[in-house]
Amino acid sequence: MQKVASDLTKVLGPDRLLWEREHLLTYGFDGTAALSGEAGCVALPKSVAEVAQIVRYAAANRVPIVTRGSGTGLSGGSVPVAGGIVLCLAQMDQVLELDPKNLTIRVESGVVTQKVAELADGVGLLYPPDPGSMRISTIGGNVAENSGGLRGLKYGVTRDYVMGLEVVLADGEVVSFGNKCVKDVAGYSMKDVFIGSEGTLGVITKVLLQLVPKPAAKETLLATFSQMDAAAETVSAIIAAKIIPCTLEFLDKITIRCVEEYAHVGLPLDAEAILLMETDGHPVVVREEAKQMAEIARQHGAGAVQVAQTPEEAARLATARRVAFSALARVSPTTILEDATVPRSELADMVRFIQQTAAKYAVRVGTFGHMGDGNLHPTFLTDEKNTAEMARVEKAMAEIFDHAVALGGTITGEHGVGLAKKAFLPKAIGDASLETMRQLKRTLDPNNVLNPGKIFD
Amino acid sequence: MAIEDELHAAAVKIGRANPQGREGASKYLKQLDYSVLQQCIHCGMCLPTCPTYDETKLERNSPRGRIALMRTIAEGRLEVTQAFGRELYFCLGCLTCETVCPAGVRYGEMFEHGRADIEQAGVLRRPLRDLVRTLTLRWMFIRPRALRAVGRLIWIYQASGLEWLVRRLELTALLPVRLRGLESLTPRVQRHFSDALIRPVETPSGNRKYRVGLLTGCVQDLVFSHVNRDTADVLLANGCEVVTPRLQSCCGSIHAHNGELELARKMARRNLDTFDLDRLDAVITNAAGCGAHLKNYAHLLHDDPADAELAVRWSAKLRDVHEWLAEIGIQAPAGSVPQKVTYHEACHLCHGQKITRQPRQVLKAIPGLELVELRESTWCCGSAGIYNITQPEMSQKLLRRKMENIAKTGAQIVASANPGCSVQLQSGASSSNPKLVIAHPISLLAEAYQKGKRADRARFTA
């Protein structure tokens, strides 16, 4: 047993400080393909005091700390540093306060996102961010990655719901930023520095979240297109008609075929794109908007537009989108889910470019995603053991990111940079931006103890 | 000598550890097609549905963690260790992870190979464990006559009053703690086994539409032989001629799940020989745990040049009884069962065979029966084959959770289609809800048919 492990065992006891290799191997990865590392030990604190103690120890002994929740990240952000400490907050999962008067909920970082959604729902409220992994992802991880979800167009992302944070800084100091006030301009908005910081600036231990009233009604539509551009134009026209749907999800041709093969939901195999559209709010308004959206889709060449008449039918229409990832993930041994994002107006161009690039490098890519906010998920279906193909995948991916940036977009819409996108970041944001980020990192974590080597070196 | 080695040497001395060492080389996982291991995309979607992860919140106790270990072993970067052995025997094998897995990982197959590795490497070997495994897996469960003889002995023990006397005199206190728990779990053995209740061939009174084979199982045969009789009755009522071969062998699921893959193959071959597939429309099982395994013969024997083809045909004809009834259409019963019933889903029915709709269809076909949905109906009850014996603590936690959910429904009857679950629920009911009746859905349907017939006869004689 290493010295670090034996020292920290004194803090947490043998049950919450793991160093057996059979434990370490299982904390060696997150949801990202082909990235792993072996930590020296895994710490499972149950209180902020314990977190502070571990961080102080790490700072004093210059041992790297990688913070994680359930390990569902898609950019390798929580992959351990060899020999370092994995600080897993999954057991810090207390709900501290649900406050319907102020529409807030305060939780520890290890609380699972789904639980927050359910608690809000129980009092007639909504926690809008709904990342695909919400059934197991933790709020702490969502904040650290600034996660998105299907409702970004209308409701925004995790950042838009964070009112306050408790953070353990790199020297072990415990600080709080933000409060229940809707308006607060006392000094810098420090909480925003930590949102999306991927565990490199501090350890988020508590989160105060804002909730919103639950919409009274929802309508679901599914439209099929034989032209990619027609789908993209439909999206633009809907927004131009001053309708902000809560969901505008799309599937491309390859994804449609995989979905049909897997789930047999009756999608036309010759379709180039399908759009799943949802609008929520006041029942009368929602009904009117659904009618308008169906009309717009037809005007722009949709082959078929189905409007759900019952909640069961709505669920059936949403099936194709819901199973999209599963359908793709079954096709090949390795599935790489990317999240290149462009301004909405450039969507058709971007999707076409992805398809051309995939053909050019002879790799299989299915694309689906959040058309309403420009966030695409080109998904590479490959095999990490096939080195020749993996090399082509890398090349295709680099070109796709370059093109997204050229269109005024970004290399990552909601997964974060972590290890997976590190190489693409300098080109995407430029040297000056990168240096500003580095300065911030040096100021808050001078010894480079917190998640070193992530985002940038 | 490192402290671990000293501890190990001491453990060997008192017979608590494997003298051959704490590690061994992998054979089965290494042989397993690598794509099976590689299919996991470690997204974590299985974590919230895994009963052991839910309890401990430790990655190692999750499907994703266990797969990572198995993959590392297959890659030769980790030996088969004692810690790995303990981990894989902490897994229930409930297969909930397979249901939620977006990537279609075949966890069950990996799990069986992992346990086979643990046994061939001998990392968990201890004298008592070896003895029990030899007596059960390598003797009793491969010899149908021996199994019935043991069943008969237990019946005599229970029916003669000897059991009552032993318990009364608290002689069970003389048993080791583990066995004491086991003693109280011993189910009531039936006086008559399936052979005595079901004739080799039974023909429906009306129009014969199908001919089916009926599997009578092991525990089902000894403890729930009446369920087998009910199954035959229900099949007859639905126009099926029922062929029930004498002295059937164990299907081998207990072997496959406990690291004896070769024995499992042997049992599979024996079952293939028991039925004349060409003359049957389907082979019917009413035990979920057996059914999931029986359907897997095609895969289990895919490398066997002699039996691979037959196994494929076998798997294609194998049906769970609810599945079969839903397929051919359920004859509406004339009698009613006016009871409030809830349905507990056996893991190997809902996760192992993805059968969830059909048992409910059976229950809903019964006039007067009020079906109340059970919260967490697909969450394991802790029976999990012999898990309630090997991991009593975790098993009891799951049983308590299940019994609480059942109590909330206010049902008088809980329907369940797996003998293991039924034994486990019975033991839960005896301590927390003595009035609760545990019944196979098919038994309830049989009752409705029976009552209909009786009413018919009454009308006729009147």
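In which sense do strand β10 and β11 of chain B pair, and over how many bridges? The views below are taken from a predicted model.

**View 1. Pairing of β10 and β11 in chain B.** Strand β10(B), which covers residues 413-415, runs beside β11(B) in the parallel sense, and three bridges link the two. Within this pair, V414(B) stands opposite I438(B), a residue of β11(B).

**View 2. The four-stranded open sheet of chain B.** The strands follow the order β9-β8-β10-β11 and pair in parallel. Strands β9 (370-372) and β11 (437-439) of chain B each have a single partner strand because they stand at the edges; one side of each is therefore left without a neighbour in the sheet. From one strand to the next, the twist averages 35°.

**View 3. Helix α23 of chain B against the sheet.** Residues 357-364 form helix α23(B), which packs on the sheet and touches β8 (340-343), β9 and β10 of chain B. The direction of the helix makes about 170° with that of β8(B).

**View 4. Helix α5 of chain B.** This helix spans residues 63-74 and has 12 residues. Its reach from first C-alpha to last is 16 Å, close to the 16 Å expected at 1.5 Å a residue. An α-helix has 3.6 residues a turn, so residues three or four places apart point the same way. In α5(B), 12 of the 12 residues are buried, so the helix is largely enclosed by the rest of the structure. The buried residues include P63(B), I67(B), M70(B) and A74(B).

Key: Residues numbered from 1 in each chain as written. Chains lettered and ligands numbered in written order. Predicted model: local features only at pLDDT ≥ 70, side-chain atom pairs only at ≥ 80, totals over all residues. Pairing = 2+ DSSP bridges. Axes fitted to C-alpha atoms, helices over the stretch in contact; angles between N-to-C directions. Contact = placed C-beta atoms within 7 Å. Expected span 1.5 Å × (residues − 1). Buried ≥ 20, exposed ≤ 12 C-beta atoms within 10 Å, placed from the backbone.
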